[in-house]
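Here are my notes on this model, point by point. Please keep the structure open while you read.

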Amino acid sequence: MPAQLRPDVTLTPTDDGAVLLDERSGRYYQLNRTALLVLRSLLDGRTAEETAADLSARHPVTADRARADVDRLHETLRTAGLVTGGQSTTGPGTGGPAGTGAGTAG
């Protein structure tokens, strides 16, 4: 099953990436452009491996590092309850990946 945003999560593009709003909690999550690229790829049904390959082709990063970053972002979004489904091979990370930040709306 591909990754999907939960029905009560809104994705809004910004000049620097996007903002995800969790309407249940009122919390928002900011994604930079690269994190948005990864999220969109996963939402389009691409695997973590395909997404990582795209990422390493676009940026000066090794395939292993790209895969670790993709897995970390996906797990962070899953743990926050923002996405469901998709493939992830890692457990909960020790912190958010570069490009994500959380705050509260209000």
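At what angle do helix α1 and helix α3 pack, and how far apart are their axes?

1. **Ground rules.** This is a predicted model: local features need pLDDT of at least 70, side-chain atom pairs count only at pLDDT 80 or more, and totals for chains, interfaces and linings use all residues. Residues are numbered from 1 along each chain as its sequence is written, and side-chain values use heavy atoms, with hydrogens and water left out.

2. **The α1 and α3 pair.** Helix α1 (residues 33-43) packs on helix α3 (residues 63-79) at about 75 degrees, and their axes are 10 Å apart. Helices here are DSSP runs (H or I, at least four residues), and strands are too (E, at least two), numbered from the N terminus. Axes are lines fitted to C-alpha atoms, for helices over the stretch in contact, and angles run from 0 to 180 degrees between N-to-C directions. The two helices are therefore roughly perpendicular (65 to 115 degrees; under 35 is roughly parallel, over 145 roughly antiparallel, the rest oblique).

3. **Who meets whom.** From α1 come Ala35, Val38, Leu39 and Leu42; from α3 come Val70, Leu73, His74 and Leu77. Contact means heavy atoms within 4.5 Å. By class, this contact has seven nonpolar, one polar and no charged residues. Nonpolar covers Ala, Val, Leu, Ile, Met, Phe, Trp, Tyr, Cys and Pro; charged covers Asp, Glu, Lys and Arg; the others, Gly among them, are polar.

4. **Two sides of α2.** Ala48, Thr51, Ala52 and Leu55 in helix α2 (residues 48-58) are buried. Down the axis of α2, its buried residues fall within an arc of 100 degrees, so they line one face. The arc uses directions from the helix axis to the C-beta atoms. They pack against α1 and α3. On the other side, Glu49 and Ala57 are exposed. Buried means under 20% relative accessible area, exposed over 50%, partly exposed in between (1.4 Å probe, protein chains only).

5. **Val70.** This residue lies in α3. Val70 is buried, at 1% relative accessible area. Beyond four places in sequence, Val70 touches Val38, Leu42, Ala48, Thr51, Ala52 and Leu55.

6. **Gly85.** Look in the loop between β5 (83-84) and β6 (100-104). Gly85 counts as buried, at 17% relative accessibility. Residues up to four places away aside, Gly85 touches Met1, Pro2, Ala3, His74 and Arg78. Gly85 and Leu5 are 80 residues apart in sequence, yet 9.0 Å apart in space, C-alpha to C-alpha.
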